[in-house]
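The following explanation is intended for a reader who meets this structure for the first time.

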Amino acid sequence: MDGAPVSADRAGAGPTVGIYNQYWTTGGGAETYGGAMAQVLARSRPVELLGPEPVVPAELADRLRLDLAGVSFRTVDPAARAVEAASADYELFVNVSHMS
């Protein structure tokens with residue numbers, strides 16, 4: 001593997017990863033931490049950010065000063081049961097929301 005980002009829709013690229021944050025739009029510490037995880041993991045597997053408000057990964061990347069190339073976004077209801085149900089779609093699911 002040369003370390004180049006892998007497209008999030010590339011089949012067979014490895015385990016799928018979902019990173020949930022209820023507050024991606026605030027661009028604070030937890031969002032930077034979650035985005036950094038996405039940046040690193042997207043080098044070898046499909047990564048999807050999840051949250052209640054639509055976010056454009058490229059715009060989030062600019063704000064957080066990260067490279068989120070190949071990372072996609074999925075809107076999910078913030079209710080605990082909806083987030084829990086969405087987590088079943090991933091082999092690795094991380095919640096980086098403060099107090100969630």
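**Fold and details of the model**

The protein contains three helices and four strands, where helices (H or I, at least four residues) and strands (E, at least two) are DSSP runs numbered from the N terminus. The model is a predicted one, in which local features need pLDDT of at least 70 and side-chain atom pairs count only at pLDDT 80 or more, while totals for chains, interfaces and linings use all residues. Residues are numbered from 1 along each chain as its sequence is written, and side-chain values use heavy atoms, with hydrogens and water left out.

Along the sequence, the elements follow the pattern β-α-β-α-β-α-β. The four strands form an open sheet with parallel pairing, in the order β3-β2-β1-β4; two strands are taken to pair if DSSP finds at least two bridges between them. Axes here are lines fitted to C-alpha atoms, for helices over the stretch in contact, and angles run from 0 to 180 degrees between N-to-C directions.

Strands of a sheet pair through backbone hydrogen bonds, either parallel or antiparallel. Strand β1 (residues 17-20) and strand β2 (residues 47-51) run parallel and are joined by four bridges. Gly18 has Glu48 in β2 as its bridge partner, and Ile19 has Leu49 in β2. Helix α1 (residues 29-41) packs on the sheet, where it touches β1, β2 and β4, and its direction makes about 165° with that of β1. Contact means heavy atoms within 4.5 Å.

Of the 100 residues of the protein, 34% count as buried. In a regular strand the side chains alternate between the two faces of the sheet. For β1 both faces are covered, with Val17 and Ile19 buried on one side and Gly18 and Tyr20 buried on the other. Strand β2 is mostly covered, since four of its five residues are buried.

Helix α2 (residues 57-64) has Pro57, Leu60, Ala61 and Leu64 as its buried residues. Seen down the axis of α2, these fall within an arc of 105°, so they line one face of the helix; the arc is that of the directions from the helix axis to the C-beta atoms. An α-helix has 3.6 residues a turn, so residues three or four places apart point the same way. The buried residues of α2 pack against α1, β2 and β3, whereas Ala58, Glu59, Asp62 and Arg63 are exposed on the other side of α2.

The loops on either side of this helix also deserve attention. Val56 has its place in the loop between β2 and α2, and it counts as partly exposed because its relative accessibility is 44%. Val56 and Thr25 are 31 residues apart in sequence and 9.8 Å apart in space, C-alpha to C-alpha. Arg65 lies in the loop between α2 and β3, and at 79% relative accessibility it counts as exposed. Most residues other than glycine have a negative phi, and most peptide bonds are trans. In Arg65, phi is near 60°, a positive value in a residue other than glycine.

Aromatic rings provide a further detail. Rings of Phe, Tyr and Trp (its six-membered ring) pair if their centres lie within 6.5 Å, and planes under 30 degrees apart count as stacked, over 60 as edge-to-face and the rest as tilted. By this rule the count comes to one aromatic pair. The ring centres of Tyr90 and Phe93 are 6.0 Å apart and their planes stand at 35°, so the pair is tilted. Tyr90 counts as buried, at 12% relative accessibility, while Phe93 counts as partly exposed, at 23%.

Notes:
Buried < 20%, exposed > 50% of the residue type's maximum accessible area, 1.4 Å probe, protein only.
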